[in-house]
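Hi,

Here is the model I promised to pass on. Have a look at it first, then read my notes below.

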Amino acid sequence: MKTRITDMLGIEYPIIQGGMAWVAEYHLAAAVSEAGGMGLIGAGGAPAGFVREQIQKVREMTDKPFGVNLMLMNPEADAIARVIVEEGVKVVTTGAGNPGKYLAMWKEAGVKVIPVTASVAMAKMMERAGADAVVAEGCESGGHIGSATTMTLVPQVADSVSIPVIAAGGIADGRGLAAAMMLGAEAVQMGTRFIVARESIVHDNYKKKVLAAKDIDSEVTGMSHGHPVRQLRNQMTREYLKREKGGAPFEELEQLTLGALRKAVVEGDVVNGTLMAGQIAGLVREEQTCREMILEMMGQAEALLGTKSGHM
Ligand code: TUI
C-alpha cells in the first residue's frame with residue numbers, strides 16, 4: 001500500500017505510532033519501525049537531554065526510519081527542537097500547539113515536519129508555513145484533543161490542503177485504516193493499540209485497564225479551562241470532574257493531575273494516575289508484538305480495499 005507518506009518517510013506500511021508522553025520511549029519506537037511502520041519518541045514533558053538519549057537508543061536498536069514527537073507545551077521545547085536537528089532526526093511530529101517558530105530551522109536541516117492538527121484552519125496554516133504533511137486528529141483520541149471527530153475532520157482537511165494527510169483518532173484495526181484511506185488519508189497514526197504492545201514498557205496495570213475498557217469507558221477532563229484530555233474513567237477522573245463541575249480554579253485542577261500520567265505509566269497506579277487512551281480502547285483486546293499488530297491491520301485493510309496487488 002504505497003502512498004505519498006510511505007514514500008516521503010521511507011517506510012513499508014502507512015502506520016505511524018502516536019507520540020504518547022511517557023509511553024512512546026525507545027523500545028516501542030524501535031519495535032514499530034522494525035515492523036515497517038514509523039516509530040516515534042514522544043518528548044512529552046521530558047528534558048532535552050533525556051530526549052537525546054532516547055534518540056540514540058532507538059538508533060542502537062534499528063536502522064529503519066523513526067521520528068520524534070515534540071509536545072509544544074514542554075518547557076524545554078526550544079532545546080528539544082535543536083536536539084532533533086543535532087541528532088539528525090529525519091521526521092518530527094508536533095502536538096498541543098503551533099510549531100511555526102521551528103519550521104525554518106527544521107526545513108533547512110532537511111527534517112520532514114508533520115504537525116498534529118485538530119482543525120481545517122490549523123492544517124491550512126501549517127501547509128502555508130511549509131509543513132510536509134499534517135496529522136488530522138479527531139477527538140476520539142486519547143490525551144489532549146480538539147473538538148471535531150475523525151470521521152468529519154479527515155475528509156475536510158483532505159479537501160483543504162494539498163500535502164498528504166494522516167488520520168488519527170479511533171483507529172486500531174484494518175477497518176479503521178481502510179476507512180481512513182476512503183476519507184482521503186494516506187496513512188494513519190495509532191496510539192491506543194500500541195500502549196498494549198508486547199514491546200511497550202507501560203505498566204501491566206495500565207495495559208490491563210486498556211484491554212478491559214469498553215466503548216464508553218473514557219472521559220474528557222479539563223473541558224472548562226480549554227485543555228480537554230481524554231482518559232479512561234477512574235478515581236482520578238471522578239475527583240477531577242467533581243471539582244471541575246464545582247468551579248475549581250485551573251491551578252487546583254492542574255495540581256491534581258501533576259505527575260499523574262507518570263504515576264500510571266511507570267508505577268501502575270490506575271486509581272490516582274491518568275490513564276490516557278482513546279475511545280477505540282474497547283476494540284483493543286490482546287497484547288501482541290508491534291509486528292503482529294501491523295501485519296494483521298495491513299492484511300485486513302488490503303482485503304477491504306482490494307490493494308493486494310499493490311496499486312493505490
Ligand atoms: O498533543 C496531543 N495529545 C497530547 S499532548 C499530551 S501532554 C500532556 N497533557 C496533559 C497532561 C499530561 C501530559 C497528551 N496528549 N495531540 C495532538 C493535538 N494537538 N491535539 C490537539 C492539538 C492541537 C491543539 C491546538 C494542535 C494545535 C493547536 O493549536 C493551538 C495554536 O496555537 O493554534
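Gln-231 touches Asp-217, Ser-218, Glu-219, Thr-221, Met-236, Thr-237, Thr-274, Leu-275, Met-276 and Ala-277, leaving aside its neighbours within four places in sequence; contact here means heavy atoms within 4.5 Å. The residue sits in strand β11 (residues 229–232). Helices (H or I, at least four residues) and strands (E, at least two) are DSSP runs, numbered from the N terminus. Gln-231 counts as buried because its relative accessible area is 2%; the cut-offs are under 20% for buried, over 50% for exposed and partly exposed in between, with a 1.4 Å probe and protein chains only. Its side chain also reaches the backbone oxygen of Val-229 at 3.4 Å. That is a polar contact, meaning a pair of N or O atoms within 3.5 Å; within protein, one must be able to donate a hydrogen and the other to accept it, and residues adjacent in sequence count only if both atoms are side-chain atoms.

Before you go further, some ground rules. This is a predicted model, so local features need pLDDT of at least 70 and side-chain atom pairs count only at pLDDT 80 or more, while totals for chains, interfaces and linings use all residues. Residues are numbered from 1 along each chain as its sequence is written, and side-chain values use heavy atoms, with hydrogens and water left out.

Which residues surround the ligand? They are Met-71, Gly-95, Ala-96, Gly-97, Asn-98, Val-116, Met-122, Glu-137, Gly-143, His-144 and Met-276, where a residue is listed if one of its heavy atoms lies within 4 Å of the ligand. By type, this shell divides into five nonpolar, five polar and one charged.

- a backbone N or O atom of Ala-96, at 3.0 Å from a ligand nitrogen;
- an N or O atom in the side chain of Glu-137, at 3.1 Å from a ligand nitrogen;
- a backbone N or O atom of His-144, at 2.9 Å from a ligand nitrogen.

Taken alone, the ligand exposes 720 Å², and the protein buries 68% of that (Shrake-Rupley areas with a 1.4 Å probe; for residues, only the protein chains shown count as cover).

Ala-96 is in the loop between β4 (91–95) and α5 (103–108), and it is partly exposed, with a relative accessible area of 27%. Trp-22 also has a positive phi, near 70°, in a residue other than glycine. You'll find Trp-22 in the loop between β1 (15–17) and α2 (26–34), partly exposed at 44% relative accessibility.

On to the packing. The largest nonpolar core has 56 residues, and Phe-194, Tyr-206 and Val-210 have the most contacts inside it. A core here is a set of buried Ala, Val, Leu, Ile, Met, Phe, Trp, Tyr and Cys residues joined through side-chain atoms within 4.5 Å. Helix α14 (residues 290–305) gives the most to this core, with six residues. Not counting residues up to four places away in sequence, Phe-194 touches Ile-15, Gln-17, Met-20, Leu-28, Val-32, Ser-200, Cys-290, Met-293 and Ile-294. There is also a second, separate core of 26 residues, which includes Ile-41, Phe-66, Leu-72 and Ile-80.

Thr-3 is in the segment before α1 (4–9) and is buried at 9% relative accessibility. The side chain of Thr-3 reaches the backbone nitrogen of Ile-5 at 3.1 Å. Met-8, in helix α1, is partly exposed, with a relative accessible area of 25%. Leu-256 lies in helix α12 (residues 250–257) and is partly exposed too, at 22%. The C-alpha atoms of Leu-256 and Tyr-240, 16 residues apart along the chain, are separated by 7.5 Å.

Cheers

Key. Nonpolar A, V, L, I, M, F, W, Y, C, P; charged D, E, K, R; others polar.
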